[in-house]
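Here is a short briefing on one protein chain for a reader who has not seen it before.

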Amino acid sequence: MSAEVGPIRPPSEARSLLIRLSRNCPWNRCLFCPVYKHASFSIRKKSEIIEEINFLAEIDRKIERYITNKSLYELSLSLNRFFEEEEIADARRLLHWRYHGEFNIFLQDADPLFRKKSELIEIINHIKRVFPKTKRITAYGRASTIDRYSIDELSELKNAGLSRIHSGLESGSQQVLDMVCKGIKVEEIVSSGQKLKKAGIEYCLYFMPGLGGKRYSAEHVEETIKVINNAQPAFVRLRTLGLNESIPLFDLVKKGDFEVQSETELVEEIKRLIEGIKIETYIASDHNLNLLMDIEGSLPEDREKLIKKLEKFLNLPEDIRLSFILARRTGKVFELHEFLSFSDSLQIGEELSCLSKLSDQEKNMLFLKLRSENL
């Protein structure tokens with residue numbers, strides 16, 4: 001036997017144990033999304049999920065008995081002494097989960113709340129029963145799905161153990177959301193946030209710099225600020241727009257109906273966003289699509305520090321700024337301070353020379369391609 005694992009999870013759930021409650025996405029029409037295409041949505045049977053949870057719990061008990069003070073690498077190599085071949089992948093997942101000791105559970109796929117509340121509560125209760133060390137249970141959730149729940153119903157989920165919901169805001173502009181076929185109304189995002197806050201469940205919203213393109217950039221940011229201030233999420237996470245030819249939004253780019261922004265313009269969007277958020281929240285730039293991944297802190301107290309980091313990049317001479325973007329997008333550095341310390345040894349002169357021959361839009365498309373290579 002082996003347990004099903006869905007294709008994605010939030011970056012912040014990298015050390016969480018993934019349990020798949022549903023397959024794929026009930027909407028699955030977002031033009032910017034590379035996931036779940038040509039796959040149908042289905043809700044997994046409760047009995048099947050319970051069986052898998054019990055299977056994973058048994059593996060966890062075996063691992064608990066055999067963990068020693070060896071390194072994670074050494075322990076991984078010895079798994080085949082204790083488990084059958086078809087169990088190895090799940091054993092490796094449980095080994096990492098127990099080794100890191102964070103003991104969080106993430107419920108997959110895109111919208112596991114899209115099922116009977118009673119079943120969801122039963123599954124959560126069972127998880128806590130067989131994994132007594134569990135500290136946090138989280139899930140993805142579409143705003144339209146969350147908004148169908150009453151505050152009392154969400155409170156029941158909170159009391160059962162659901163502590164955080166990750167949701168794709170992407171943009172607070174209804175015009176942008178409609179353009180990319182998000183299938184959600186701004187009012188649903190705000191209502192969901194307010195309900196979750198009253199129920200005591202943390203709301204984590206994802207903002208997508210660049211999703212408005214050049215045409216809607218100002219509205220994209222301004223309306224997102226309004227939504228965040230009204231929805232009051234506990235977390236705002238950044239995930240810069242990434243596109244390749246397999247993603248439907250790229251068709252609009254090819255037709256000239258969507259003009260891609262420069263990396264500098266994307267950073268300017270983030271700066272305006274941080275300047276405009278007035279609520280208490282935590283902002284994080286923890287996705288590899290983002291140019292500056294060290295933008296992280298609590299608002300409002302860390303606002304000045306975050307703005308200074310963004311301005312440090314924005315105030316660089318254009319040639320230095322371009323050199324950093326190139327180094328970052330080709331994987332030579334990951335943070336600006338690293339580039340400024342070691343730029344002389346990066347050997348990007350030839351690539352930079354080729355870049356100087358491109359038009360601004362050609363540069364924008366090149367950097368889009370580079371940051372989107374692993375989608």
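Of the contacts in the chain with a separation of 6 or more, 75% are between residues 24 or more positions apart; a contact means heavy atoms within 4.5 Å. The model is predicted: local features need pLDDT of at least 70, side-chain atom pairs count only at pLDDT 80 or more, and totals for chains, interfaces and linings use all residues. Residues are numbered from 1 along each chain as its sequence is written, and side-chain values use heavy atoms, with hydrogens and water left out.

**Whole chain**
- The chain contains 16 helices and 10 strands, which are DSSP runs numbered from the N terminus (helices H or I, at least four residues; strands E, at least two).
- Of the 375 residues, 54% are buried, where buried means under 20% relative accessible area, exposed over 50%, and partly exposed in between (1.4 Å probe, protein chains only).
- The C-alpha trace spans about 60 × 50 × 45 Å along its principal axes.

**Helix α8**
- Helix α8 covers residues 186-199 and reaches 20 Å from its first C-alpha to its last, close to the 20 Å expected at 1.5 Å a residue; the expected span is 1.5 Å times one less than the number of residues.
- Among the buried residues of α8 are Val-186, Ile-189, Val-190 and Leu-196.
- These buried residues pack against several elements, including α6 (151-160), β6 (162-170) and α9 (213-231).

**Helix α12**
- In α12, Arg-303, Leu-306, Ile-307, Leu-310, Phe-313 and Leu-314 are buried.
- They lie on the same side of α12, because they cover an arc of only 120° around the axis; the arc is that of the directions from the helix axis to the C-beta atoms.
- Exposed Glu-304 and Lys-308 are on the face turned away from the buried side of α12.
- The cover over the buried residues of α12 includes α11 (263-276) and α13 (318-329).

**Salt bridges**
- The structure has 30 salt bridges, each a side-chain nitrogen of Lys or Arg within 4 Å of a carboxyl oxygen of Asp or Glu.
- Glu-263 and Arg-329 form one, with their closest N and O atoms 2.8 Å apart.
- A network of salt bridges links Glu-4, Arg-20, Arg-23, Arg-44, Glu-48, Glu-52 and Asp-109.
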